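Biologist: Please show me the two chains, and then let us go through what holds across their interface.

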Number of protein chains: 2
Amino acid sequence: MKRIKTKKVVTIGGGTGSFTLLSGLKKYPIELSAIVSMADDGGSTGILRDELGVLPPGDVRQCLVALSDSSETLRALMNYRFEEGGLTGHSFGNLFLSALEKITGNFSAGVEEAAKILNVKGEVIPVTKTDTNLSVELKNGVVLAGEHEINTNVEVGIIGIKKAFLSPRAKANPRAIKKILEADLIIIGPGNHYCSILPSFLVTGIPAAIRASKAKVVYNCNLVNKRGHTDGFTLDAYVAELHRFLGQDRVDFVTFNTRQPAQALLKRYREASDELVSFVQEENPKRGYRVLKADFLSRQNIPRNKADKIAHIRSFIRHDSEKLAQALMMILELGEYENILRDIS
Amino acid sequence: MKRIKTKKVVTIGGGTGSFTLLSGLKKYPIELSAIVSMADDGGSTGILRDELGVLPPGDVRQCLVALSDSSETLRALMNYRFEEGGLTGHSFGNLFLSALEKITGNFSAGVEEAAKILNVKGEVIPVTKTDTNLSVELKNGVVLAGEHEINTNVEVGIIGIKKAFLSPRAKANPRAIKKILEADLIIIGPGNHYCSILPSFLVTGIPAAIRASKAKVVYNCNLVNKRGHTDGFTLDAYVAELHRFLGQDRVDFVTFNTRQPAQALLKRYREASDELVSFVQEENPKRGYRVLKADFLSRQNIPRNKADKIAHIRSFIRHDSEKLAQALMMILELGEYENILRDIS
């Protein structure tokens, strides 16, 4: 009889994409580690970084809430944003993490305490402990500093991004390295390509660890191209960029949504010049990864929060937690039955 | 064989006094209900009332933390005050209660959720659900509105308080009435006389419920007279004022500290014109209550918090939680052995 070992799954990302992914994965009996981007500097998170000198809590908070097994109220509390007075726009969960960082003396210890209080299943690991910021160089040579600036500056949409870097350079959290090396499956994305996904690959030590790991690597391809960031990117273009940052053709599987969103929704996205990501099977005959095409689209409506200025823009065309998790668990379980999947792509 | 029934104990107060009292009482196997003053409008609490339109969280927070059985870190978090930026002076626990009030739709429901999250032993009950403020009339006829104003206006210290009232008039929380009527023991104070104790007796329905209750009533006499508020008050003067508000000579026992604080400490208080409360046995031969005289003084040092501007003033000469709780439990257990105590006073 074979010994049954709990499989180790590592996710790499940040923001709403990670929230969706982890909400689905947490229902499976796996050892789950969420490695989280630390480049956020917008909104509530940006104010806390500036004023309190804390590390960015926003992305970590979303992952903690996704993996929390506590009451609905406590989870709602963590995502609550104040809507009046001097606290307007502050996420309660961000204040929670920042206060815990102050009390415990460092961000990682604060995150550990938060995980206990929120009864988190799995582990949430900041990709770096370095206080760093994302910068990009546009195609005209202009450098923009800060994720928030990158997300809001209109130049980005007109001129386009040439390259991204962290300043100062950031060293990987040793715990993140350990988890990557031990993983059976590494899941990248979904999420904003430049602001949530790439920042983790810019952290020194992360690409090398992924190259050295024996894990299967899956990339959850985004549903929509963000204007100025990834205009016209196909599935293959996304993977090519990841491979460039990883220094190796390391991706084994890509999940890709084939279900069309409602026309009205598509129209709204197109008005902001955001287009669906495309995939053409014939485009790349030498593709070294398999593409798992399926309906990954969420049909759920998202409650709006007046104080969260960006949630209603970023969250309408998005992945379905359960469908995505199911496909990923199938990939994880392939093992010796891998041949069965040959026909999928 | 007698059936052993869990005894019901109700405390009435607010602020640091309630924190001290409840921290001691929670270690005993009693059914504990803390009825909390809702007149606070200073500091972090005042800003939240003004800006978010919430009920005052400060006193409730202190009681919840005192009765919480959760981790040291979670308790420290609830008392944490931000020290920089736009959040300076805000107590994290106050933000926690205010956000829960917003999420649940009302303050009482928010307090209940908070009690669950903090694993609170016993119940914390706001004395009223009315959004009300404390006012006082000074001896020169000037009216000051708001607890914070009363605590900080220098006129109070020079002219003195004539009377106190709530504006608008507040109706008692039915849950507070129920607990008072069912109580075996009602404990009043310690706490700031005008700002933490009297506001509860100004709430319509509370004095009548105390008169109707079969409970023994204990008053924990303050250690220090606050300048302009209770200058020169003796133990008997405090009780006389309580009786005036209660509409009946209802106090059965008074605890009184007989231990002198350190000279250096006394000197600092005297510089602010705050004097120790005195008790003269012979002053009142017809005293209808017993005075339990003992050493109730705390010898603990309190860690200072830069952001809590008032903690270092209000908290040095104070009750010892355990000594106070022990004496109160003795009073509770008297029952048929009451005669034994005849000699105490």
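Modeller: This is a predicted model, in which local features need pLDDT of at least 70, side-chain atom pairs count only at pLDDT 80 or more, and totals for chains, interfaces and linings use all residues. Residues are numbered from 1 along each chain as written, chains are lettered from A in the order written, and side-chain values use heavy atoms, without hydrogens and water.

Biologist: How many salt bridges does the rule find across the interface of chain B and chain A?

Modeller: A salt bridge is a side-chain nitrogen of Lys or Arg within 4 Å of a carboxyl oxygen of Asp or Glu. Glu84(B) and Lys102(A) meet in one, at 3.3 Å, N to O. Across the interface of chain B and chain A, the number of salt bridges found is two.

Biologist: Which element gives the most to the side of chain B that touches chain A?

Modeller: Helices are DSSP runs of H or I with at least four residues, and strands are runs of E with at least two, numbered from the N terminus. Elements giving two or more residues to that side of chain B are α2 (43-52), α4 (72-79), α5 (92-104) and α6 (107-117). With seven residues, the element that gives the most is α5(B).

Biologist: How many residues of chain B are in contact with chain A?

Modeller: Contact means heavy atoms within 4.5 Å. On the chain A side, 23 residues take part, and on the chain B side the number is 23.
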